[in-house]
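Please consult the sequence and the structure shown below.

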Amino acid sequence: MERVDLLVIGGGAAGFFGAIGAAEGHPGRKVWIVEKGSQALAKVRISGGGRCNVTHACFEPRALSTRYPRGARALLSAFSRFQPRDTVEWFERRGVVLKVEPDGRMFPVTDRSETIVECLWRGAEEAGVRIRLRCGVEGLERVGSGWRVALTGGERVEAGAVLVATGGSRSGNMPGLLEAVGHRMEKAVPSLFTFHVEEEWVRGLAGLAVPSAQVWVSGTGLKERGPVLFTHWGLSGPAILRLSAWGARELEERGYVFEVGVQWVAGRGREEWGAELQRMRRESPGKAVENTPMGGVPARLWAALVERSGGGNGVRWNQLTREAATALAGLLASTLLPVRGKSLHKDEFVTCGGVSLREVDFRTMESRVVPGLYFAGEVLDVDGITGGFNFQAAWTTGWLAARAVSASWD
(Lines give C-alpha, C1' and ligand atoms only; values in the text may rest on other atoms or scores of the structure.)
Protein backbone atom coordinates (compact mmCIF):
# COMPACT_ATOMS: atom_id res chain seq x y z
CA MET A 1 0.00 0.00 0.00
CA GLU A 2 1.58 3.25 -1.15
CA ARG A 3 1.72 6.20 1.21
CA VAL A 4 1.32 9.84 0.17
CA ASP A 5 1.55 12.96 2.27
CA LEU A 6 -1.43 14.70 0.66
CA LEU A 7 -4.10 13.18 -1.53
CA VAL A 8 -6.13 15.76 -3.44
CA ILE A 9 -9.47 14.39 -4.63
CA GLY A 10 -10.59 16.31 -7.71
CA GLY A 11 -8.58 17.70 -10.61
CA GLY A 12 -10.27 21.06 -10.98
CA ALA A 13 -9.24 24.62 -10.18
CA ALA A 14 -9.36 24.27 -6.39
CA GLY A 15 -7.63 20.89 -6.43
CA PHE A 16 -4.72 22.03 -8.60
CA PHE A 17 -4.32 25.26 -6.65
CA GLY A 18 -4.25 23.37 -3.36
CA ALA A 19 -1.85 20.71 -4.62
CA ILE A 20 0.59 23.24 -6.09
CA GLY A 21 0.53 25.41 -2.98
CA ALA A 22 1.21 22.48 -0.67
CA ALA A 23 3.91 20.85 -2.78
CA GLU A 24 5.93 23.96 -3.62
CA GLY A 25 8.89 24.20 -1.29
CA HIS A 26 8.45 20.62 -0.08
CA PRO A 27 10.25 18.46 -2.68
CA GLY A 28 10.39 15.48 -0.34
CA ARG A 29 6.62 15.28 0.10
CA LYS A 30 4.34 13.12 -2.03
CA VAL A 31 1.31 15.01 -3.31
CA TRP A 32 -1.17 13.30 -5.62
CA ILE A 33 -4.19 14.60 -7.51
CA VAL A 34 -6.73 11.92 -8.39
CA GLU A 35 -9.41 12.81 -10.94
CA LYS A 36 -12.15 10.36 -11.87
CA GLY A 37 -12.64 11.92 -15.30
CA SER A 38 -10.49 11.50 -18.38
CA GLN A 39 -9.53 15.18 -18.34
CA ALA A 40 -8.35 17.51 -15.60
CA LEU A 41 -9.40 21.15 -15.33
CA ALA A 42 -12.44 20.54 -17.54
CA LYS A 43 -14.42 23.44 -16.06
CA VAL A 44 -11.48 25.81 -16.50
CA ARG A 45 -11.39 24.94 -20.20
CA ILE A 46 -14.99 25.91 -20.88
CA SER A 47 -15.31 28.89 -18.55
CA GLY A 48 -16.10 32.23 -20.13
CA GLY A 49 -16.83 30.74 -23.53
CA GLY A 50 -13.38 29.16 -23.69
CA ARG A 51 -11.57 32.30 -22.46
CA CYS A 52 -11.64 31.45 -18.71
CA ASN A 53 -13.09 34.11 -16.45
CA VAL A 54 -10.31 33.73 -13.86
CA THR A 55 -11.56 36.21 -11.27
CA HIS A 56 -13.22 39.61 -10.83
CA ALA A 57 -11.61 43.01 -10.28
CA CYS A 58 -13.20 43.51 -6.87
CA PHE A 59 -10.30 44.04 -4.48
CA GLU A 60 -12.09 44.89 -1.24
CA PRO A 61 -12.91 41.74 0.78
CA ARG A 62 -16.19 43.00 2.23
CA ALA A 63 -17.53 44.09 -1.17
CA LEU A 64 -16.28 40.86 -2.71
CA SER A 65 -18.06 38.68 -0.15
CA THR A 66 -21.42 40.23 -1.09
CA ARG A 67 -21.23 38.45 -4.46
CA TYR A 68 -21.87 35.08 -2.79
CA PRO A 69 -25.46 34.03 -2.11
CA ARG A 70 -24.10 31.30 0.15
CA GLY A 71 -20.84 31.53 2.08
CA ALA A 72 -20.46 35.32 2.27
CA ARG A 73 -19.69 35.45 6.00
CA ALA A 74 -17.23 32.55 5.92
CA LEU A 75 -15.46 33.96 2.87
CA LEU A 76 -15.06 37.45 4.30
CA SER A 77 -12.20 36.41 6.55
CA ALA A 78 -10.81 34.12 3.86
CA PHE A 79 -10.65 36.98 1.35
CA SER A 80 -8.72 39.10 3.84
CA ARG A 81 -5.92 36.54 3.41
CA PHE A 82 -6.18 35.72 -0.31
CA GLN A 83 -8.29 37.78 -2.71
CA PRO A 84 -8.40 38.65 -6.45
CA ARG A 85 -5.30 40.86 -6.22
CA ASP A 86 -3.38 37.84 -4.90
CA THR A 87 -4.79 35.69 -7.69
CA VAL A 88 -3.59 38.19 -10.29
CA GLU A 89 -0.11 38.22 -8.73
CA TRP A 90 -0.03 34.40 -8.48
CA PHE A 91 -0.61 34.01 -12.20
CA GLU A 92 1.65 36.91 -13.16
CA ARG A 93 4.57 35.30 -11.29
CA ARG A 94 4.05 32.33 -13.58
CA GLY A 95 3.97 34.38 -16.75
CA VAL A 96 0.20 34.74 -17.17
CA VAL A 97 -1.08 38.31 -17.38
CA LEU A 98 -4.76 39.01 -16.74
CA LYS A 99 -6.84 41.87 -18.16
CA VAL A 100 -9.95 43.60 -16.83
CA GLU A 101 -13.06 43.93 -18.99
CA PRO A 102 -15.53 46.83 -18.56
CA ASP A 103 -17.84 44.76 -16.35
CA GLY A 104 -14.98 43.78 -14.01
CA ARG A 105 -14.44 40.24 -15.24
CA MET A 106 -10.79 39.24 -15.60
CA PHE A 107 -9.41 37.02 -18.36
CA PRO A 108 -5.93 36.07 -19.57
CA VAL A 109 -4.70 38.56 -22.17
CA THR A 110 -4.51 35.64 -24.60
CA ASP A 111 -8.30 35.14 -24.35
CA ARG A 112 -7.57 31.39 -24.20
CA SER A 113 -8.54 29.16 -21.31
CA GLU A 114 -5.69 26.85 -22.32
CA THR A 115 -3.33 29.53 -21.01
CA ILE A 116 -4.70 28.93 -17.50
CA VAL A 117 -4.83 25.16 -17.93
CA GLU A 118 -1.22 25.02 -19.09
CA CYS A 119 -0.10 27.27 -16.25
CA LEU A 120 -1.75 25.09 -13.60
CA TRP A 121 -0.58 21.83 -15.17
CA ARG A 122 2.98 23.11 -15.50
CA GLY A 123 2.90 24.42 -11.93
CA ALA A 124 1.79 21.02 -10.62
CA GLU A 125 4.48 19.16 -12.55
CA GLU A 126 7.24 21.55 -11.48
CA ALA A 127 6.15 21.18 -7.85
CA GLY A 128 6.38 17.39 -8.16
CA VAL A 129 2.65 16.69 -7.98
CA ARG A 130 1.54 13.39 -9.50
CA ILE A 131 -1.67 13.68 -11.52
CA ARG A 132 -3.76 10.56 -12.02
CA LEU A 133 -6.73 10.61 -14.39
CA ARG A 134 -9.58 8.09 -14.58
CA CYS A 135 -8.95 7.45 -10.92
CA GLY A 136 -11.96 7.82 -8.67
CA VAL A 137 -12.33 7.37 -4.92
CA GLU A 138 -14.41 4.43 -3.71
CA GLY A 139 -13.74 4.58 0.03
CA LEU A 140 -12.52 7.04 2.66
CA GLU A 141 -11.57 5.85 6.13
CA ARG A 142 -9.83 7.53 9.05
CA VAL A 143 -7.01 5.27 10.30
CA GLY A 144 -4.84 6.44 13.20
CA SER A 145 -3.60 9.94 12.44
CA GLY A 146 -4.12 9.56 8.69
CA TRP A 147 -6.43 8.20 6.01
CA ARG A 148 -6.90 5.01 4.04
CA VAL A 149 -8.40 5.70 0.64
CA ALA A 150 -9.77 3.11 -1.77
CA LEU A 151 -9.25 4.07 -5.41
CA THR A 152 -10.81 2.79 -8.63
CA GLY A 153 -9.76 -0.74 -9.47
CA GLY A 154 -9.21 -1.90 -5.91
CA GLU A 155 -6.03 0.10 -5.28
CA ARG A 156 -5.56 1.51 -1.78
CA VAL A 157 -3.33 4.31 -0.55
CA GLU A 158 -2.55 5.77 2.84
CA ALA A 159 -2.56 9.54 3.09
CA GLY A 160 -1.37 11.82 5.84
CA ALA A 161 -3.98 14.38 4.79
CA VAL A 162 -6.82 14.53 2.28
CA LEU A 163 -8.05 17.60 0.41
CA VAL A 164 -11.51 17.16 -1.10
CA ALA A 165 -12.02 19.42 -4.13
CA THR A 166 -14.55 17.50 -6.18
CA GLY A 167 -16.72 20.45 -7.17
CA GLY A 168 -20.50 20.65 -6.93
CA SER A 169 -22.08 17.62 -5.30
CA ARG A 170 -24.80 17.00 -7.88
CA SER A 171 -23.98 13.33 -8.21
CA GLY A 172 -21.31 10.77 -7.46
CA ASN A 173 -20.42 9.06 -4.22
CA MET A 174 -18.48 11.82 -2.45
CA PRO A 175 -21.47 13.17 -0.46
CA GLY A 176 -22.05 9.68 0.93
CA LEU A 177 -18.36 9.17 1.74
CA LEU A 178 -18.23 12.47 3.62
CA GLU A 179 -21.41 11.71 5.52
CA ALA A 180 -19.89 8.37 6.52
CA VAL A 181 -17.01 10.14 8.27
CA GLY A 182 -19.40 12.44 10.12
CA HIS A 183 -20.03 15.44 7.89
CA ARG A 184 -23.45 16.93 7.17
CA MET A 185 -24.18 17.80 3.56
CA GLU A 186 -26.51 20.60 2.55
CA LYS A 187 -28.81 19.64 -0.31
CA ALA A 188 -27.27 20.40 -3.71
CA VAL A 189 -29.41 22.34 -6.19
CA PRO A 190 -28.48 24.30 -9.36
CA SER A 191 -27.37 27.85 -8.70
CA LEU A 192 -26.78 29.40 -12.15
CA PHE A 193 -29.50 28.63 -14.68
CA THR A 194 -31.64 30.18 -17.38
CA PHE A 195 -35.44 30.44 -17.40
CA HIS A 196 -37.74 28.49 -19.71
CA VAL A 197 -40.48 30.74 -21.09
CA GLU A 198 -42.75 28.96 -23.55
CA GLU A 199 -44.45 32.01 -25.08
CA GLU A 200 -43.74 32.07 -28.81
CA TRP A 201 -43.10 35.82 -29.05
CA VAL A 202 -40.32 35.50 -26.46
CA ARG A 203 -38.63 32.60 -28.24
CA GLY A 204 -39.01 34.45 -31.52
CA LEU A 205 -36.58 37.07 -30.21
CA ALA A 206 -33.77 34.52 -29.62
CA GLY A 207 -30.34 36.12 -29.82
CA LEU A 208 -31.54 39.60 -28.86
CA ALA A 209 -29.83 41.34 -25.93
CA VAL A 210 -31.41 44.04 -23.77
CA PRO A 211 -28.60 46.12 -22.22
CA SER A 212 -30.06 47.27 -18.91
CA ALA A 213 -33.26 45.72 -17.60
CA GLN A 214 -34.65 45.05 -14.15
CA VAL A 215 -35.98 41.57 -13.39
CA TRP A 216 -37.80 40.10 -10.41
CA VAL A 217 -39.67 37.00 -9.29
CA SER A 218 -43.28 37.73 -8.39
CA GLY A 219 -44.18 37.05 -4.79
CA THR A 220 -40.59 37.18 -3.55
CA GLY A 221 -38.00 39.81 -2.70
CA LEU A 222 -35.72 38.60 -5.51
CA LYS A 223 -34.73 41.44 -7.84
CA GLU A 224 -31.74 42.14 -10.10
CA ARG A 225 -30.77 44.55 -12.86
CA GLY A 226 -28.45 44.19 -15.83
CA PRO A 227 -28.37 42.72 -19.35
CA VAL A 228 -31.05 40.19 -20.36
CA LEU A 229 -30.65 37.82 -23.29
CA PHE A 230 -33.47 36.16 -25.25
CA THR A 231 -32.76 32.51 -26.09
CA HIS A 232 -34.50 29.71 -27.98
CA TRP A 233 -35.89 28.46 -24.65
CA GLY A 234 -36.61 31.74 -22.86
CA LEU A 235 -34.46 34.21 -20.93
CA SER A 236 -30.79 34.30 -19.91
CA GLY A 237 -28.08 36.93 -19.48
CA PRO A 238 -26.31 38.31 -16.40
CA ALA A 239 -29.44 39.68 -14.69
CA ILE A 240 -31.30 36.38 -15.02
CA LEU A 241 -28.29 34.36 -13.89
CA ARG A 242 -27.81 36.52 -10.81
CA LEU A 243 -31.52 36.19 -10.05
CA SER A 244 -31.21 32.39 -10.32
CA ALA A 245 -28.20 32.37 -7.98
CA TRP A 246 -29.86 34.38 -5.22
CA GLY A 247 -33.10 32.42 -5.63
CA ALA A 248 -31.55 28.97 -6.08
CA ARG A 249 -33.22 27.28 -3.13
CA GLU A 250 -36.53 29.16 -3.27
CA LEU A 251 -36.97 28.53 -7.00
CA GLU A 252 -36.11 24.85 -6.57
CA GLU A 253 -38.80 24.60 -3.87
CA ARG A 254 -41.28 26.05 -6.38
CA GLY A 255 -40.35 23.36 -8.91
CA TYR A 256 -39.08 26.11 -11.23
CA VAL A 257 -42.67 27.22 -11.87
CA PHE A 258 -43.06 30.93 -11.17
CA GLU A 259 -43.63 34.32 -12.77
CA VAL A 260 -40.76 36.60 -13.76
CA GLY A 261 -41.28 40.32 -14.23
CA VAL A 262 -39.17 42.46 -16.54
CA GLN A 263 -38.81 46.23 -16.73
CA TRP A 264 -37.09 46.58 -20.08
CA VAL A 265 -35.32 49.84 -19.21
CA ALA A 266 -34.29 49.67 -15.56
CA GLY A 267 -35.72 52.56 -13.54
CA ARG A 268 -38.26 53.69 -16.15
CA GLY A 269 -41.78 53.10 -14.85
CA ARG A 270 -45.28 53.21 -16.27
CA GLU A 271 -45.86 56.95 -15.74
CA GLU A 272 -42.58 57.94 -17.37
CA TRP A 273 -43.32 55.74 -20.36
CA GLY A 274 -46.84 57.17 -20.59
CA ALA A 275 -45.40 60.69 -20.85
CA GLU A 276 -42.93 59.54 -23.53
CA LEU A 277 -45.71 58.00 -25.59
CA GLN A 278 -47.73 61.22 -25.40
CA ARG A 279 -44.69 63.17 -26.60
CA MET A 280 -44.38 60.88 -29.62
CA ARG A 281 -48.06 61.48 -30.44
CA ARG A 282 -47.31 65.20 -30.67
CA GLU A 283 -43.90 65.11 -32.36
CA SER A 284 -44.21 62.17 -34.78
CA PRO A 285 -47.93 61.72 -35.45
CA GLY A 286 -47.52 60.21 -38.92
CA LYS A 287 -44.89 57.60 -38.09
CA ALA A 288 -45.75 53.95 -37.47
CA VAL A 289 -45.55 53.11 -33.78
CA GLU A 290 -43.82 49.77 -34.36
CA ASN A 291 -41.06 51.45 -36.42
CA THR A 292 -40.09 54.09 -33.84
CA PRO A 293 -38.43 52.38 -30.87
CA MET A 294 -37.73 54.61 -27.87
CA GLY A 295 -35.62 54.73 -24.73
CA GLY A 296 -32.95 52.34 -25.92
CA VAL A 297 -35.38 49.43 -26.32
CA PRO A 298 -34.08 47.18 -29.15
CA ALA A 299 -36.14 47.50 -32.32
CA ARG A 300 -37.28 43.86 -32.46
CA LEU A 301 -38.39 43.89 -28.81
CA TRP A 302 -40.15 47.24 -29.30
CA ALA A 303 -42.07 45.87 -32.30
CA ALA A 304 -43.07 42.75 -30.34
CA LEU A 305 -44.35 44.79 -27.38
CA VAL A 306 -46.20 47.19 -29.66
CA GLU A 307 -47.94 44.27 -31.36
CA ARG A 308 -48.93 42.74 -28.02
CA SER A 309 -50.35 46.09 -26.88
CA GLY A 310 -52.61 46.37 -29.93
CA GLY A 311 -50.64 49.14 -31.63
CA GLY A 312 -49.05 47.13 -34.44
CA ASN A 313 -49.91 46.52 -38.11
CA GLY A 314 -48.83 49.96 -39.27
CA VAL A 315 -50.81 51.96 -36.71
CA ARG A 316 -49.48 55.53 -36.61
CA TRP A 317 -48.91 57.51 -33.45
CA ASN A 318 -51.91 59.74 -34.08
CA GLN A 319 -54.05 56.59 -34.49
CA LEU A 320 -52.86 54.87 -31.29
CA THR A 321 -55.83 54.38 -28.97
CA ARG A 322 -55.70 55.32 -25.30
CA GLU A 323 -56.12 51.65 -24.38
CA ALA A 324 -53.21 50.56 -26.60
CA ALA A 325 -50.97 53.33 -25.27
CA THR A 326 -51.78 52.34 -21.68
CA ALA A 327 -51.09 48.69 -22.49
CA LEU A 328 -47.76 49.53 -24.16
CA ALA A 329 -46.57 51.66 -21.23
CA GLY A 330 -47.53 48.82 -18.91
CA LEU A 331 -45.60 46.21 -20.91
CA LEU A 332 -42.50 48.41 -21.13
CA ALA A 333 -42.54 48.98 -17.37
CA SER A 334 -43.60 45.49 -16.30
CA THR A 335 -43.89 42.49 -18.60
CA LEU A 336 -44.90 39.40 -16.61
CA LEU A 337 -43.85 36.04 -18.07
CA PRO A 338 -44.60 32.50 -16.86
CA VAL A 339 -41.48 30.42 -16.23
CA ARG A 340 -41.84 26.67 -16.60
CA GLY A 341 -38.48 25.08 -15.98
CA LYS A 342 -34.79 25.87 -16.29
CA SER A 343 -31.62 25.03 -18.19
CA LEU A 344 -28.09 25.01 -16.87
CA HIS A 345 -26.02 27.97 -18.05
CA LYS A 346 -24.02 26.53 -20.98
CA ASP A 347 -21.80 23.84 -19.46
CA GLU A 348 -20.74 25.93 -16.48
CA PHE A 349 -22.36 23.78 -13.81
CA VAL A 350 -22.63 25.61 -10.50
CA THR A 351 -24.55 24.29 -7.52
CA CYS A 352 -25.28 25.51 -4.06
CA GLY A 353 -25.15 22.92 -1.34
CA GLY A 354 -22.32 20.71 -0.16
CA VAL A 355 -20.33 20.45 3.05
CA SER A 356 -21.95 22.47 5.85
CA LEU A 357 -19.89 25.60 6.46
CA ARG A 358 -20.31 25.28 10.23
CA GLU A 359 -18.20 22.14 10.07
CA VAL A 360 -15.18 23.78 8.39
CA ASP A 361 -12.53 26.09 9.87
CA PHE A 362 -12.16 28.77 7.19
CA ARG A 363 -8.78 29.84 8.56
CA THR A 364 -7.32 26.52 7.42
CA MET A 365 -10.15 24.84 5.44
CA GLU A 366 -9.76 21.86 7.77
CA SER A 367 -12.75 19.85 8.94
CA ARG A 368 -14.00 20.61 12.43
CA VAL A 369 -15.41 17.09 12.54
CA VAL A 370 -12.32 15.00 11.82
CA PRO A 371 -8.70 16.20 11.62
CA GLY A 372 -6.58 15.85 8.52
CA LEU A 373 -9.50 16.38 6.14
CA TYR A 374 -9.57 19.63 4.14
CA PHE A 375 -12.00 21.16 1.67
CA ALA A 376 -11.73 23.62 -1.22
CA GLY A 377 -14.02 24.92 -3.92
CA GLU A 378 -17.58 24.10 -4.74
CA VAL A 379 -17.74 20.91 -2.67
CA LEU A 380 -18.48 23.41 0.11
CA ASP A 381 -21.88 25.07 0.47
CA VAL A 382 -20.43 28.16 -1.22
CA ASP A 383 -21.41 29.64 -4.56
CA GLY A 384 -21.06 33.00 -6.26
CA ILE A 385 -22.90 34.88 -8.95
CA THR A 386 -21.58 34.80 -12.49
CA GLY A 387 -18.51 36.91 -13.23
CA GLY A 388 -15.45 34.99 -11.99
CA PHE A 389 -16.56 34.76 -8.37
CA ASN A 390 -16.79 30.97 -8.22
CA PHE A 391 -13.24 30.60 -9.47
CA GLN A 392 -12.05 33.13 -6.91
CA ALA A 393 -13.64 31.06 -4.13
CA ALA A 394 -11.78 28.04 -5.53
CA TRP A 395 -8.42 29.85 -5.61
CA THR A 396 -8.90 31.27 -2.11
CA THR A 397 -10.00 28.08 -0.39
CA GLY A 398 -7.41 26.02 -2.25
CA TRP A 399 -4.67 28.44 -1.18
CA LEU A 400 -5.79 28.40 2.45
CA ALA A 401 -5.91 24.60 2.56
CA ALA A 402 -2.46 24.39 0.93
CA ARG A 403 -1.01 26.84 3.43
CA ALA A 404 -2.38 24.85 6.39
CA VAL A 405 -1.13 21.49 5.07
CA SER A 406 2.24 22.98 4.18
CA ALA A 407 2.59 24.48 7.66
CA SER A 408 2.03 21.04 9.20
CA TRP A 409 5.08 19.79 7.28
CA ASP A 410 7.43 22.61 8.30
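How many aromatic pairs does the count come to? The count comes to 16 aromatic pairs, where rings of Phe, Tyr and Trp (its six-membered ring) pair if their centres lie within 6.5 Å, with planes under 30 degrees apart counted as stacked, over 60 as edge-to-face and the rest as tilted. The model is predicted: local features need pLDDT of at least 70 and side-chain atom pairs pLDDT 80 or more, while totals for chains, interfaces and linings use all residues. Residues are numbered from 1 along each chain as its sequence is written, and side-chain values use heavy atoms, without hydrogens and water.

**Aromatic pairs**
- F193 and Y256 form an edge-to-face pair, with ring centres 5.3 Å apart and planes at 85°.
- F193 lies in strand β11 and Y256 in the loop between α10 and β15, 63 residues apart; helices (H or I, at least four residues) and strands (E, at least two) are DSSP runs, numbered from the N terminus.
- Both F193 and Y256 are buried, that is, under 20% relative accessible area with a 1.4 Å probe, protein chains only.
- The rings of W273 and W302 are tilted, with centres 6.4 Å apart and planes at 45°.
- Ring pairs also link F17, F82, W90, F91, F391, W395 and W399 into a cluster.

**T397**
- T397 is found in helix α14 (residues 389-409).
- T397 is buried, at 3% relative accessible area.
- Contacts (heavy atoms within 4.5 Å) of T397 include L75, F362 and M365.

Terms used
Buried means under 20% relative accessible area, exposed over 50%, partly exposed in between (1.4 Å probe, protein chains only). Lists of a residue's contacts leave out its neighbours within four places in sequence.
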